[in-house]
Amino acid sequence: MVRKLCIYIDESGTLSKNPKNPPYYVYAGYWCTSSHCTAIESSFAKHLNSFFPSTKQGEKKASSIKNRKKRYLLKGIMERNGDSFHPIFIVEGIKGLEKPLDSKENVQYHKNYLLRRFVETCVQQYRRIYNTKVSEVIVNIDDQSRTELMASDSFPTYLNKYFAGRYMTQNYTESNAIFNVNFRDSNKYRSIQICDILANCKYNHYIHGRDDLFFAIPESSAQYLKLP
């Protein structure tokens, strides 16, 4: 059976080398096959609406939710979808970066690289679990301000070229899949709201030492990147 791989991503932190900003930047989210997307979103929405009835037509930002309730929301997803819900976390220590982040363009280039690493991790994990390759990958990212990169590939084009081995740089994971990218309004998509909570919890772990994420999802270790 041909499966579509669905990936959902949000961020937490500020990608800047300004010493006044926190020293960590987080991308968090999850992947699942297309057949499980609705079940995951529905189980999250059920618990979210029981806590916050006003969210039936909108969202509740993770930063405004108490830690205990964030744990409960994530546990609710895991209890019903533990075999199909696969959280992924990428954390970067910003102070160690050697390359400058001195323009909107450089920040966007760096974000594209981190997002590609996130997608690559999902593809690799999918192959290990299902022992097969996927034909289509649908990447859904929280809608945010995006800087146009003149004379450079768009992020969807970048993904497709990278996984097809069409760049001169080394390619660690080749794939013949079609990669589609959507930028989603978190107010309308429960999946992105889940990513908001995952990113917020992981960020709070690195900045404030909180372990709420571990108690909700014991296997929630992050891929920690130290990049040039």
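**Notes on the helix pair and the sheet**

1. Helices (H or I, at least four residues) and strands (E, at least two) are DSSP runs, numbered from the N terminus. Axes are lines fitted to C-alpha atoms, for helices over the stretch in contact, with angles from 0 to 180 degrees between N-to-C directions. This is a predicted model, where local features need pLDDT of at least 70 and side-chain atom pairs count only at pLDDT 80 or more, while totals for chains, interfaces and linings use all residues. Residues are numbered from 1 along each chain as its sequence is written, and side-chain values use heavy atoms, leaving out hydrogens and water.

2. Which residues of helix 1 meet helix 2? They are Ala39, Ile40, Ser43, Phe44, Lys46, His47, Leu48 and Phe51, with contact meaning heavy atoms within 4.5 Å. Their partners in helix 2 include Tyr72, Leu73 and Ile77.

3. Now the sheet: it is open, with 6 strands in the order 5-4-1-2-3-6 and mixed pairing (two strands pair if DSSP finds at least two bridges between them). Strand 5 (178-184) and strand 6 (223-225) are at the edges with a single partner strand each, so one side of each has no neighbour in the sheet.

4. Strand 1 (residues 4-12) runs parallel to strand 4 (residues 136-142), joined by 6 bridges. Here Ile9 stands opposite Ile141 in strand 4.

5. Helix 1 (residues 37-51) also lies across strand 1 and strand 2 (24-33), at about 120° to strand 2.
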